[in-house]
Amino acid sequence: MDTEIQEHEVGTTRTPFGFCLKCTHELIAEGDGRCSECGLAFNPRSRRSYYAFQPGWMAKRFLAPPGVLWWLTFLFLSIYLMAASYAPGGFLIAEILGGFALVVAGGFYLLCLISSLLVHLRFGRIWWGARQLWWLVGPCIVLIGLLLIFLQFPIRVGFSYSRSAMEAQVALTAPGPPASRPAWLGLYPVRYDGNRPNLLLVRGAGFINSNGFVHLPNVEGTDYFEEGDLRAWRFDGDWFLAELQF
Ligand SMILES: [Zn+2]
């Protein structure tokens with residue numbers, strides 16, 4: 001009888017109490033505190049160091065830390081959106097494509113989050129941990145990217161890089177026909193207006209209207225200028241953001 005109880009007790013300690021965070025192999029309290037399958041360390045007294053229940057397919061997919069590809073996707077999309085925002089009015093097609101891709105990636109993230117939440121409700125506290133927080137890095141990269149766009153960072157960088165080339169063009173007293181002038185000024189593919197030598201329209205920028213930069217050294221005291229189909233908002237010194245209405 002005694003031996004039977006003893007055996008039963010021994011059997012109890014050999015019963016798996018949890019599952020490895022890395023490979024989800026069964027863990028027993030005996031031994032050196034390392035998973036016998038992959039060697040990951042665990043502490044039977046710390047609920048954060050093991051899964052209390054064997055994670056199912058959803059948990060294996062969505063509770064594991066994301067791969068580098070996850071962050072690279074968001075990083076790439078953020079850079080793409082910033083590149084699409086460096087022109088006045090933005091390169092609309094690129095903005096639509098980048099925005100659409102971000103919505104898809106963000107939707108996937110939301111799916112992961114909801115799945116994790118369901119697993120959390122089903123299995124208790126295995127959801128929370130530093131490992132799962134890595135999923136937030138991707139969306140945080142996007143938020144930083146959107147903040148930089150909101151602060152006009154891309155267009156200011158594009159402008160400051162292209163400024164000297166643009167100023168050299170508008171300083172020409174006899175610019176010649178638009179076809180003979182450079183197709184690119186700094187980072188901008190440019191289209192010229194035969195009637196306004198101080199107007200540099202960016203190819204592909206804007207939506208219905210044509211957008212670009214206009215150099216107005218004689219407009220003082222106001223940050224807004226309107227003349228015919230041209231509308232302009234002061235951007236930097238004598239340079240205005242231009243919109244040519246359709
Ligand atoms: Zn393991």
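1. Ground rules. Residue numbers start from 1 along each chain as its sequence is written. Since the model is predicted, local features need pLDDT of at least 70 and side-chain atom pairs count only at pLDDT 80 or more, while totals for chains, interfaces and linings use all residues.

2. Helix α3 length. Helices here are DSSP runs of H or I with at least four residues, strands are E runs of at least two, and both are numbered from the N terminus. Helix α3 covers residues 68–84, and its 17 residues should span 24 Å at 1.5 Å a residue. The expected span is 1.5 Å times one less than the number of residues. The end C-alpha atoms of α3 are 24 Å apart, so the two agree.

3. Helix α3 faces. F74, L77, S78, L81 and A84 are buried in α3. These buried residues fall within an arc of 125 degrees seen down the axis, so they line one face of the helix. The arc is taken from the directions from the helix axis to the C-beta atoms. On the face turned away from that buried side sit the exposed residues V68, L69 and L72. Buried means 20 or more other C-beta atoms within 10 Å of the residue's own, exposed means 12 or fewer, and partly exposed is in between, with C-beta atoms placed from the backbone.

4. The sheet. Seven strands make an open, antiparallel sheet, ordered β3-β4-β5-β6-β9-β8-β7. At the edges are β3 (184–185) and β7 (224–227), each pairing on one side only. Two strands count as paired if DSSP finds at least two bridges between them.

5. Strand β6 and its partners. What does β6 pair with over six bridges? That is β9 (residues 239–244), which runs antiparallel to β6 (residues 210–215). V214 has F240 as its bridge partner in β9, and F213 has L241. With β5 (residues 196–202), β6 pairs over three bridges, again in the antiparallel sense; here L201 is bridged to G212.

6. Burial of β6. Six of the six residues of β6 are buried, so the strand is largely enclosed by the rest of the structure. Both faces are covered, with S210, G212 and V214 buried on one side and N211, F213 and H215 on the other.

7. S164. This serine lies in helix α7 (residues 153–170). Is S164 buried or exposed? S164 counts as exposed because it has 11 C-beta neighbours inside 10 Å. From S164 to L185 is 21 residues in sequence and 8.7 Å in space, C-alpha to C-alpha.
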